[in-house]
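Dear colleague,

My findings follow it, arranged by topic.

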Amino acid sequence: MTAMTNATIVGFSGNLARPSKTRGFVEHFVNEIAGYHGLAAATFDLDDVGPTLGAARWTRDLDDTGRKVLDAVVGAEVLVVGSPTYKGSYTGLFKHFFDLIDPSALRGKPVLLTATGGGERHALMVEHQLRPLFAFFEALVLPTAVYARDKDFRDGVLASEAIRKRGEQSIEEAGLALASRRHAAAEDFAPSPTTIADRPLLARVDPSPLV
Ligand SMILES: Cc1cc2nc3c(=O)[nH]c(=O)nc-3n(C[C@H](O)[C@H](O)[C@H](O)COP(=O)(O)O)c2cc1C
């Protein structure tokens, strides 16, 4: 864990071992976004969730440590997720962690997708594996997902200028999503799906005639 658990930007990495390129990669995005927008930040990985994760069938099966990580992820204003690529996908325990989360708990939350892998072959893992998972949650998945290979890191730190540039694009998208959420909250515009669904239909359409 890097910081407080009431953070507004939270990173979650599916690495099984430390030191981890993926955790560092996730933390890079978390710190950039937090620094730029003056947000409190925290990054967690599977180790932080602790030993109760593997056998947990429900959130209540996690101990306090694991529960705090899960609550931080669910409570984040912006979420950065990342996983090392294992057999062409995210790690099994990464998925298991998200399996414990209520299907509606991440609805509308801006989520920045990242992944690392040994080479280029599975670079679309972010699109074909991570994106559908967070689409299931009806999260606001940012358009630019970022993947880096082992050789894009030097001593565990991102060293590729090209990946850094691509990352800037997603950091900008996170800023836009954050601003729009805050604007909506301030204006009581409330674009959350629940509120929209609660509005009468006529309030959502342009009442002027088409002619
Ligand atoms: C069990 C296992 C399976 C892996 N499968 C893949 C894979 O399918 N594709 C790939 O590109 N890299 C694969 N890798 C390499 C890791 O994804 C890569 O080294 C990653 O950056 C490690 O991240 P970490 O430093 O956070 O642990 C695999 C590594 C392990 C240990």
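**Strand β4 and its neighbours**

Strands β4 and β6 pair in the parallel sense, over 4 bridges. Within this pairing, A115 stands opposite Y147 in β6. Please note that the model is a predicted one.

β4 also pairs with β5, again in the parallel sense, over 2 bridges; here P110 stands opposite L140 in β5. A parallel arrangement likewise holds for β3 and β4, which are joined by 6 bridges. From β3 the chain passes through α4 to reach β4, and this β-α-β crossover is right-handed. V80 stands opposite L112 in β4.

Is β4 mostly covered or mostly open? It is mostly covered, since 8 of its 8 residues are buried. In a regular strand, side chains alternate between the two faces of the sheet. Both faces of β4 are covered: one side carries P110, L112, T114 and T116, the other V111, L113, A115 and G117, and all of these are buried.

**Helix α6**

Helix α6 covers residues 161–186, which is 26 residues. From its first C-alpha to its last it reaches 37 Å, close to the 38 Å expected at 1.5 Å a residue. Its buried residues include G167, S170, I171, A174 and A177. An α-helix has 3.6 residues a turn, so residues three or four places apart point the same way. Against which elements do the buried residues of α6 pack? They pack against α1 (21–37) and against the strands β3 (78–84), β4 (110–117), β5 (140–141) and β6 (146–149).

**The ligand**

The ligand is surrounded by 17 residues, of which the closest are S20, T22, P84, G117 and G118. Both α1 and β4 supply at least two residues each to this shell. By class, the shell has 10 polar, 4 charged and 3 nonpolar residues.

**Residue K95**

K95 is placed in helix α4, residues 92–99. Why does K95 count as partly exposed? The reason is that 14 other C-beta atoms lie within 10 Å, whereas a buried residue would need 20 or more and an exposed one 12 or fewer. In sequence K95 and G14 are 81 residues apart, but in space they are 8.4 Å apart, C-alpha to C-alpha.

**The protein as a whole**

The secondary structure comes to 7 helices and 8 strands. Of the 211 residues in the protein, 37% are buried. Among contacts between residues at least 6 apart in sequence, 71% join residues at least 24 apart.

With kind regards

How values were computed
Residues are numbered from 1 along each chain as its sequence is written. This is a predicted model: local features need pLDDT of at least 70, side-chain atom pairs count only at pLDDT 80 or more; totals for chains, interfaces and linings use all residues. Two residues are in contact if their C-beta atoms, placed from the backbone, lie within 7 Å. The expected span of a helix is 1.5 Å times one less than its number of residues. A residue is near a molecule or strand if its C-beta atom, placed from the backbone, lies within 6 Å of it. Ala, Val, Leu, Ile, Met, Phe, Trp, Tyr, Cys and Pro count as nonpolar, Asp, Glu, Lys and Arg as charged, and the others, Gly among them, as polar. Two strands pair if DSSP finds at least two bridges between them. A crossover is right-handed if, with the strands pointing away from the viewer, the path from the first strand over the helix to the second runs clockwise.
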